[in-house]
Amino acid sequence: MNNPRLRRILLSIGAPVAAVFFAVLLSSIVLVVSGNNPFAAYFDMLENASRLETFVDILNSATPLYISGIAAAIGFRMNLFNIGVEGQYLLASFFAAAAGGYFAGLPAPLHVALILFVGMFVGSAWAGLAGALKVSRGINEVISTIMLNFIAVGGIIAWLIREWADDTGATNSGTTPIDESGHLPNLNGILEIFTRDVSKGRELTGVLLIAAIVGVGYHLFINRTRVGYDFRASGFNPLAARAGGVPPKRMVMYAMLLSGAIAGLVGMVEVLSERFKYDQSFIQGLGFNGIAVALLGRNNPAGIAVGALLFGFLNSSSGILQITGNATPEIVEIMKGIIVLSAVVAYEVVRRIKERDEAQSAAEATERMPTVAAMAGGES
């Protein structure tokens, strides 16, 4: 292909497309081996996704995954593997729900703002511990965040939920339910302008707007600010960035604090729109899935949105597969794993192709230099 720009665009698009293609292909093989018809299973999944109520479910499922993906991507930009998004968002959700339940009777905007602030503050502070350990003691952030996950979920939350439980005798005890002033309005009215009325009790979470703000803010921060430039420079070449005057320890702290603050918003769909409290059945796993979404989206806000919607679609499909019986719901988890694995392989192939193209371009430019020099000498 002679057009370099078109070639770069096709390579960028080709990696995720190839990942999804191989995921569908390998999942089909798994379905055939397990005695199921892949075409019937995929037809059920697509037919279910075409319904408006399922579309709302997909968006509600994708919203926390998107925020989680952005939180992980901030670390990835700095070559930091913040695997602690899981513990950060669970701890932040717990304290945010506890604060929301305690401060009842506040004006609605102030009540919601307080819950969001507590969530972001706790998430940032918990992630900051891992950052402080890294810059002061050189402890790898993967190890420290894994340990902090255990401390947050199995230690602090497990203890405090017994101490602060609204009803200690209940089988699913939790924090005090948040007053109505702390509930975030749904977006059904906006959606129904373009479609029909949303039925079956489905409500499009208002946290979707917060996720959109997070995505736009992440894009502007990374691409339009000096600190964002330092982030990218440190992640691309830490030694060169340091030689250029970028303080590495300060950048690590900034990245961990910001990543944790965004992670503190992951559980807000449950706290502000669905559950209105933190209890023992609070949704888990969004942090780890967010890492997969960030990898699939290549740390790009638009790519992360596509990855989150894909995972939201797969989450909504597991229920319909269980009802129709054309495949086991576990195939959805298999597809998620295959998609991430395929994405990693496809992106690595694309990276090597780009490096080869750059080397070839440099070689061609070097070969042209004597000719240009000779022409310049002849003219003089």
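Visitor: Is histidine 111 buried or exposed?
Guide: In this predicted model, histidine 111 has a relative accessible area of 0%. The cut-off for a buried residue is under 20%. Because 0% falls under that cut-off, histidine 111 is classed as buried.

Visitor: Which helix holds histidine 111, and which residues does histidine 111 touch?
Guide: The helix in question is H5, spanning residues 108-137. Leaving out residues up to four places away in sequence, the contacts of histidine 111 are Gly100, Phe103, Ala104, Leu106, Ile178, Asp179, Ser181 and Gly182.

Visitor: Where is lysine 200, and between which helices?
Guide: Lysine 200 has a relative accessible area of 67% and is exposed. Its phi is near 60°, a positive value in a residue other than glycine. Most residues other than glycine have a negative phi. Lysine 200 sits in the loop between helix H7 (188-194) and helix H8 (207-224).

Visitor: Why is arginine 298 classed as partly exposed?
Guide: Arginine 298 lies in the loop between helix H13 (286-297) and helix H14 (301-324), and its phi, near 55°, is positive although the residue is not glycine. Exposed requires over 50% relative accessible area, and buried requires under 20%. Arginine 298 is partly exposed because its relative accessible area is 48%.

Visitor: What area is buried between domain 1 and domain 2?
Guide: Domain 1 covers 1-36 + 327-349, and domain 2 covers 52-325. Their C-alpha centres lie 26 Å apart, and 12 residues of domain 1 are in contact with 14 residues of domain 2. Carbon and sulfur atoms give 76% of the buried area, which is about 1,200 Å².

Visitor: Which three residues supply 42% of the area that domain 1 buries against domain 2?
Guide: No other three residues of domain 1 supply more of that area. The three are Val332, Lys336 and Tyr347.

Visitor: Which helix gives the largest share of the side of domain 1 that touches domain 2?
Guide: That share is eight residues, and it comes from helix H15 (residues 330-379).

Visitor: How do the residues on that side of domain 1 divide into nonpolar, polar and charged?
Guide: The side concerned is the one that touches domain 2. The division is 10 nonpolar, one polar and one charged.

Terms used
Residues are numbered from 1 along each chain as its sequence is written. This is a predicted model: local features need pLDDT of at least 70, side-chain atom pairs count only at pLDDT 80 or more; totals for chains, interfaces and linings use all residues. Side-chain values use heavy atoms; hydrogens and water are left out. Domain bounds come from an automatic or database domain assignment. Contact means heavy atoms within 4.5 Å. Buried area is the accessible area (1.4 Å probe) that two parts lose on being put together, summed over both. Helices (H or I, at least four residues) and strands (E, at least two) are DSSP runs, numbered from the N terminus. Ala, Val, Leu, Ile, Met, Phe, Trp, Tyr, Cys and Pro count as nonpolar, Asp, Glu, Lys and Arg as charged, and the others, Gly among them, as polar. Buried means under 20% relative accessible area, exposed over 50%, partly exposed in between (1.4 Å probe, protein chains only).
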